[in-house]
Amino acid sequence: MDPKTSLQQRPYELDDSVRSRAAIGLVVLATDHVIEHEFRKILNLPGVGLYQSRILNEPSINAETLSAMESRLEDSVRVILPGMPLDVIAYGCTSASMVIGPPRVEALCQNAKPGVRVTNPFTAAVEALRKLDVSRMALLTPYRDELNLQMRGLFEKEGIEVPAMASFNVDDDNLVGRISPNSIESAVFEIGGHLAVDAVFIACTNLRIAEKIHSLEKQLGKPVTSSNHAMAWHALHLAGLSNSQKGWGRLFDQNSIILPIKSQNQNISENL
């Protein structure tokens, strides 16, 4: 072929191979070291596309810095595949979802992506614990006590008692992301062995534990879930996919098949 040949307007076909089953958007905190790694592992499924953006936040974890993300969330969602629909948006901050409030988080995400289904770690944890028929749980967090007590109160308002609670009491998110899985496991065994609890929830998307949950449950003999673990499950649920997935613990081993929800991917051609 002549090296100067230039072929223009070549015919092409469009398909949705990467996102043929679901398109999931993930908003990641600027300081989060962990959630992207764990989400990619759990959502490593044919036809499930994962699309991410980051939201500016301060490393210091307190009510003021968490609530500051409210004004930034809509724009962080808006930059995920502009002009293209998503099936689900997952907002990756447990404590900020609690402080801002799940209804407000949902409204902001839907302002940017009308009609999108929305999840966050707090709501996902409640749904996961209900799926596992848990009414009394142990709560493990990295947060300061004022956030821990607020979180306990919100779970109890949802009908889930929290008889046991433990925290690393770290308010720097860059340090939270470096807490070792061994440290987390040790705390899970300590509070999870409490006779008054049926399960353990590990709060914070920046704690590395999702890949250990299957083995933790085997050793503890009780269900275990975490912010990333529960939210990935809930995102798949909202996208209308089966939650039966081996190797990720009891939550993903449930054999019930979720009825498919009409995917917004079906409307892609309308936006091209």
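What is the volume of the largest cavity? In this predicted model, local features require pLDDT of at least 70 and side-chain atom pairs count only at pLDDT 80 or more, whereas totals for chains, interfaces and linings use all residues. Residues are numbered from 1 along each chain as its sequence is written, and side-chain values use heavy atoms, with hydrogens and water left out.

The volume of the largest cavity is about 110 Å³. A cavity is a set of points on a 1 Å grid over the protein atoms alone where a 1.4 Å probe fits but cannot get out, and lining residues have an atom within 4 Å of a point. The lining of the largest cavity comprises 20 residues, of which Leu29, Leu66, Cys93, Ser95 and Asp173 are the closest to its centre. Two or more lining residues come from each of α2 (63–67) and α4 (94–100). Eight residues of the lining are nonpolar, nine polar and three charged.

Helix α3 (residues 70–78) has Leu73, Ser76 and Val77 as its buried residues (under 20% relative accessible area, 1.4 Å probe, protein chains only). Viewed down the axis of α3, these residues fall within an arc of 95° and therefore line one face of the helix. Their cover includes β1 (22–29), β2 (48–55), β3 (88–92) and α5 (102–112).

Zero disulfides are counted, a disulfide being a pair of cysteine sulfur atoms within 2.5 Å. The sulfur of Cys109 lies 12 Å from the closest cysteine sulfur, in Cys93, too far for a bond. Cys204 is likewise in no disulfide, with the sulfur of Cys93 the nearest at 7.0 Å. Cys109 is buried at 0% relative accessibility, and Cys204 is buried at 6%.

Notes. Buried means under 20% relative accessible area, exposed over 50%, partly exposed in between (1.4 Å probe, protein chains only). Helices (H or I, at least four residues) and strands (E, at least two) are DSSP runs, numbered from the N terminus. The arc is that of the directions from the helix axis to the C-beta atoms. Contact means heavy atoms within 4.5 Å. On a 1 Å grid over the protein atoms alone, a cavity is a set of points where a 1.4 Å probe fits but cannot get out, and a pocket is an open set with protein on both sides within 12 Å along at least five of seven lines; lining residues have an atom within 4 Å of a point. Grid points are joined across faces, edges and corners, and a volume is the space filled by probe spheres set on the points. Ala, Val, Leu, Ile, Met, Phe, Trp, Tyr, Cys and Pro count as nonpolar, Asp, Glu, Lys and Arg as charged, and the others, Gly among them, as polar.
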